[in-house]
Amino acid sequence: MSEAAAVARMVRLTREARRWTQLDLADAAGVSQGFVSKVEKGLLPLTTEYLDAVAEALAVPTNLLRATGPIGGVEVTCLHHRRRSSAMSVATMRAVEGLTQLTRLSVDSLSAGVDDSSPKSRVLGRMPLTEYGNPAAVAAAIRCAWEIPAGPVDDLVKLLESAGVRVMRRDLGTAAQDAVSTWLPGQRPLILLNRDLPPDRERFTLAHEVGHLLMHELPTDDQEKEANRFAGEFLAPADALEPLLRGLTVRQFTKLAELKMTWKVSMAMLIQRAADLECISASQFKSFRIRLNQYGWSQREPGDLPAETPRHVAGLISAQLDRHGQDIDAVAGVALMLPEPFRRHYMPLVVDESTPVVVRS
């Protein structure tokens, strides 16, 4: 890829991540909108002077705008309340995609020169529905492959990181999206979670995204429903859960609350599983949903589950700090970021001495 093409791609991606129009960037950089347009089309190479001006306007180092690493589309997303993508504006969708790709570039760069391997016993690979037949079968197969004991999944974040999945939390700038996942050939998958999700919703969202990573290389009309079915079976297999939900009535929210704490999933998910497994009728399901709304539990339920902490990226940062003599500014440069945003978004991940340090190669 030529430098002009790389710069064109990265200028557009970074601009969109900031939710800026071409005119916004032009005003900030002291150039015309037509100039920005030509740059983003690859028709006009940026000289050093203009490259510096655009980078300063976007608050990124110039080497980010010269990055030539692979950039793919965000293959799959998990929308808040499983909304259709049309619930978000095009600008918001592009901003989320831009943030995801910039985060992936930073994390990939932080892994350079450190041991980023994962246990051989847990490997994440594509498991297409054409081979396995349905999402429940995929969920059962991956639980078996990863030797997950019968019953609840304990620490889902730890499990995924042990299988090579990178998990990070960022403010996605919209309540309409819970997470984004991306997986380029030859690279580790990344799941970017919207910050401040309740733990029960976050666990379901993570499982949902894993379903996408396993089953969906390209978007499909049914991918959200399929990922939901995968998540339900992965977190709460039917064989174990169905006997506990059989005969459930709308007056048994105490039982649902107890099951929530045992299985570490929301009451809303348990109600959905009860419907999917035909433990309750369609009318009962509707009554349950009405009751959740009446109690004000549609957004956040009672019963706090323990939060799960991603450790992998924190370990990469710790290793890079060790390599660079605890020079945060130098590590920010490794991450293709300026020091201030790196300190704001990445340094809080390194919060205690229990964070495992990744050994240098």
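**Close-up 1. Residues around the largest cavity of this predicted model.** Pro-198, Pro-199, Asp-200, Lys-260, Arg-300, Glu-301, Gly-303, Asp-304 and Leu-305 line the largest cavity. By class, this lining holds three nonpolar residues, one polar residue and five charged residues. The space inside the largest cavity comes to about 50 Å³. A search of the whole structure turns up two cavities of 30 Å³ or more.

**Close-up 2. Helix H13 packed with helix H14.** Lys-260, one of the residues lining the largest cavity, also belongs to the contact between these helices. Two packed helices are described by the angle between their axes and the distance between the axes. Here H13 spans residues 253–263 and H14 spans residues 267–276. The angle is about 105°, and the axes lie 9 Å apart. Angles of 65 to 115 degrees count as roughly perpendicular, so H13 is roughly perpendicular to H14. From H13, the contact uses Phe-253, Leu-256, Ala-257, Leu-259 and Lys-260. From H14, Met-267, Leu-270 and Ile-271 take part. The contact counts seven nonpolar residues, no polar residues and one charged residue.

**Close-up 3. Helix H3 and its cover.** H3 runs over residues 33–40. Its residues Phe-35, Val-36, Ser-37, Val-39 and Glu-40 are buried. Three helices are among the elements that cover these buried residues: H1 (3–17), H2 (22–29) and H4 (48–58). Just after H3 comes Gly-42, with a positive phi of about 75°.

**Close-up 4. Ile-191 in strand E4.** Strand E4 covers residues 190–194. Ile-191 has a relative accessibility of 0%, so Ile-191 counts as buried. Which residues is Ile-191 in contact with, leaving aside its neighbours within four places in sequence? They are Leu-160, Val-165, Arg-166, Val-167, Met-168, Ala-179, Val-180, Ser-181, Leu-206, Glu-209, Val-210 and Leu-213. Val-107 is 84 residues away from Ile-191 along the chain. The C-alpha atoms of Val-107 and Ile-191 are separated by 12 Å.

**Close-up 5. Val-114 in a loop between two helices.** The loop that holds Val-114 lies between helix H6 (90–110) and helix H7 (129–132). Is Val-114 buried or exposed? Its relative accessible area is 6%, so Val-114 is buried. Ala-307 is 193 residues from Val-114 in sequence. In space, the two residues are 28 Å apart, C-alpha to C-alpha.

Note on methods:
Residues numbered from 1 in each chain as written. Predicted model: local features only at pLDDT ≥ 70, side-chain atom pairs only at ≥ 80, totals over all residues. Heavy atoms only, no water. Axes fitted to C-alpha atoms, helices over the stretch in contact; angles between N-to-C directions. Helix = DSSP H or I, 4+ residues; strand = E, 2+ residues; numbered from the N terminus. Parallel < 35°, antiparallel > 145°, perpendicular 65-115°, else oblique. Contact = heavy atoms within 4.5 Å. Nonpolar A, V, L, I, M, F, W, Y, C, P; charged D, E, K, R; others polar. Buried < 20%, exposed > 50% of the residue type's maximum accessible area, 1.4 Å probe, protein only. 1 Å grid on protein atoms, 1.4 Å probe; cavity = no way out; pocket = protein on both sides within 12 Å on 5 of 7 lines; lining within 4 Å. Points joined across faces, edges and corners; volume = space filled by probe spheres on them.
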